[in-house]
Every structure is written in C-alpha cells, then in structure tokens.
Amino acid sequence: MTISELKEYIYENKKIEYILKEIGCHSVKYHSNKDFFSCGNFNGDNQGAINVRNNAYLGVTNYTRTKEFGDNSDLITLVQYNKGMSFIEAVKYLHK
C-alpha cells in the first residue's frame with residue numbers, strides 16, 4: 001500500500017477521529033460546516049491547537065507547534081510528532 005493509498009483508506013473509512021485519539025490528542029471535535037477536525041496536542045491544553053482536514057490528503061495545521069509543522073504537514077507528521085517516530089515508523093504505525 002502506498003502512502004497515498006493509506007491516506008485514502010484512512011479518509012474513506014472515517015478513521016481520522018480514531019487515530020487522533022489513539023495518538024493522544026484530546027478534545028477531538030468534527031466541524032461539519034468546514035469539514036475538518038480540531039483537537040489539542042497531547043502535551044498541551046489548547047483544545048483547538050490542531051486542525052486536520054477531512055479529505056484524502058489529511059492536511060494538518062498545528063497552530064501552537066509551528067517549528068515542528070510546516071505548510072506540507074499531514075496526519076503522518078502529527079503521528080511522528082506525538083509518538084516520537086521517524087516517517088517510516090509513523091507510516092507503519094498507521095498501516096497497522
């Protein structure tokens with residue numbers, strides 16, 4: 001399974017909320033009007049610090065961790081940060 005296929009699987013099978021909770025994010029909330037999830041960092045108290053777009057790209061904006069998250073961040077980047085993993089380890093974690 002390629003990375004694109006993995007992301008598409010996560011999106012199509014509505015696994016975003018589950019993954020966010022599994023990696024330690026808190027206050028996970030879906031915003032239907034703009035089609036994204038918001039949540040707090042595992043090590044923070046801002047409940048809306050992270051936005052995850054509900055699409056096949058799974059883009060992530062982390063408003064309080066700008067050093068670690070750039071313009072091309074996605075759910076894999078968030079798993080890497082929260083779990084202290086390399087890119088390959090994060091992909092394997094999501095695949096499992």
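Which residue takes a positive phi just after helix 1? Select Lys14: just after helix 1, Lys14 has a positive phi of about 50 degrees. Before you go on, keep in mind that this is a predicted model, in which local features need pLDDT of at least 70, side-chain atom pairs count only at pLDDT 80 or more, and totals for chains, interfaces and linings use all residues. Residues are numbered from 1 along each chain as its sequence is written, and side-chain values use heavy atoms, with hydrogens and water left out.

**Stop 1**

Helices here are DSSP runs of H or I with at least four residues, strands are runs of E with at least two, and both are numbered from the N terminus. Lys14 is exposed, with a relative accessible area of 71%. On this tour, buried means under 20% relative accessible area, exposed means over 50%, and partly exposed is in between (1.4 Å probe, protein chains only).

Most residues other than glycine have a negative phi. Now select Ser27, which is not a glycine but has a positive phi of about 55 degrees. Ser27 belongs to strand 1 (residues 26–31) and is partly exposed at 33% relative accessibility.

**Stop 2: helix 1**

Select residues 3–12, which make up helix 1. Its buried residues are Leu6, Lys7 and Ile10. Turn to the face pointing away from the buried side and you will find the exposed residues Ser4 and Glu12. The cover over the buried residues of helix 1 includes helix 2, helix 3 and helix 4.

**Stop 3: helix 4**

Next, take residues 87–95, helix 4. Ala90, Val91 and Leu94 are its buried residues. They are on the same side of helix 4 because they cover an arc of only 100 degrees around the axis. The exposed residues Ile88 and Lys92 are carried on the face turned away from that buried side. Show contacts (heavy atoms within 4.5 Å), and you will see the buried residues of helix 4 packing against helix 1, helix 2 and helix 3 (75–83).

**Stop 4: the largest pocket**

What lines the largest pocket? Select Leu6, Tyr9, Ile10, Lys15, Tyr18, Ile19, Glu22, Tyr93, Leu94, His95 and Lys96 to see its lining. Helix 1, helix 2 (16–22) and helix 4 are the elements that give two or more residues to this lining. A pocket here is an open set of points on a 1 Å grid over the protein atoms alone, where a 1.4 Å probe fits and protein lies on both sides within 12 Å along at least five of seven lines; lining residues have an atom within 4 Å of a point.

About 280 Å³ of space lies in this pocket, the volume being the space filled by probe spheres set on the points, which are joined across faces, edges and corners. Colour the lining by type and you get 7 nonpolar, 1 polar and 3 charged residues.

**Stop 5: the largest nonpolar core**

Which members of the largest nonpolar core touch the most other members? Among its 23 residues, they are Ile10, Leu20, Cys25, Ile50 and Leu78. At least two residues each come from helix 1, helix 2, strand 2 (36–40), strand 3 (50–53), helix 3 and helix 4. Helix 3 gives the largest share, 4 residues. Such a core is a set of buried Ala, Val, Leu, Ile, Met, Phe, Trp, Tyr and Cys residues joined through side-chain atoms within 4.5 Å.

Zoom in on Cys25, in the loop between helix 2 and strand 1. Cys25 is buried, with a relative accessible area of 7%. Leaving aside neighbours within four places in sequence, Cys25 is in contact with Leu20, Cys39, Gly40, Ile50, Leu78 and Asn82.

**Stop 6: Asn41**

Finish in the loop between strand 2 and strand 3, where Asn41 lies. Asn41 is buried, at 1% relative accessibility. Not counting residues up to four places away in sequence, Asn41 touches His26, Asn46, Ala49, Ile50, Asn62, Thr64, Arg65 and Tyr81.

Notes: Ala, Val, Leu, Ile, Met, Phe, Trp, Tyr, Cys and Pro count as nonpolar, Asp, Glu, Lys and Arg as charged, and the others, Gly among them, as polar. The arc is that of the directions from the helix axis to the C-beta atoms.
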